[in-house]
Amino acid sequence: MIKLTKDMETGITKIDTQHKELVDRINAVTAMGTKSISNDETKKTLDLLGAYIVKHFNDEEALQKQSAYPKYDQHRQQHQLYMAEFDKLKKEFAQNGHSAKFTLDLSNSIINWIVRHIKSVDAEFGRYYNAQQA
């Protein structure tokens with residue numbers, strides 16, 4: 001389970017609000033491992049999470065373009081790499097269905113990536129963006 005901490009704030013209201021929503025959705029995925037749920041419920045949760053991740057990445061990248069962020073290409077590449085990882089996990093689910101192992105793999109992937117990404121790459125963008133707005 002993820003809890004947003006002060007060092008995960010970017011200072012950009014839209015991005016921080018989306019990070020909170022993303023964390024709430026990730027925590028819902030994590031909770032799947034403690035419940036007996038159907039493959040249909042798991043698929044629905046994955047689809048909602050995936051759609052939200054895409055929306056968030058698109059919104060974040062739009063702000064980066066708008067502010068002429070010099071590390072836009074590197075940041076976008078990290079988003080693309082994570083989406084490839086997420087798609088790989090979704091394919092694993094499609095082949096094998098819901099299991100405790102799948103939920104653990106998915107949770108670990110999301111939690112490790114999102115925490116690391118927000119604390120480093122997103123925080124760096126936040127500092128740049130906020131300096132541009134001052």
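1. A crossing is called left-handed if the near helix is turned anticlockwise from the far one by less than a right angle, and right-handed if clockwise. In this predicted model, α2 passes α4 in a left-handed crossing. Helices here are DSSP runs (H or I, at least four residues), numbered from the N terminus.

2. The model is predicted, and local features need pLDDT of at least 70, side-chain atom pairs count only at pLDDT 80 or more, and totals for chains, interfaces and linings use all residues. Residues are numbered from 1 along each chain as its sequence is written, and side-chain values use heavy atoms, with hydrogens and water left out.

3. Helix α2 (residues 39-66) and helix α4 (residues 100-133) have axes that come within 13 Å and cross at roughly 15 degrees; axes are lines fitted to C-alpha atoms over the stretch in contact, with angles from 0 to 180 degrees between N-to-C directions. α2 and α4 are therefore roughly parallel (angles under 35 degrees).

4. Gln-18 sits in helix α1 (residues 13-32) and is buried, at 5% relative accessible area (buried is under 20%, exposed over 50%, partly exposed in between, with a 1.4 Å probe and protein chains only). Beyond its neighbours within four places in sequence, Gln-18 contacts Tyr-52, Lys-55, His-56 and Asp-59.

5. Ala-68, in the loop between α2 and α3 (72-96), has a positive phi near 55 degrees. Most residues other than glycine have a negative phi. Ala-68 counts as exposed, at 56% relative accessibility.

Definitions and conventions
Helix = DSSP H or I, 4+ residues; strand = E, 2+ residues; numbered from the N terminus. Contact = heavy atoms within 4.5 Å. Parallel < 35°, antiparallel > 145°, perpendicular 65-115°, else oblique.
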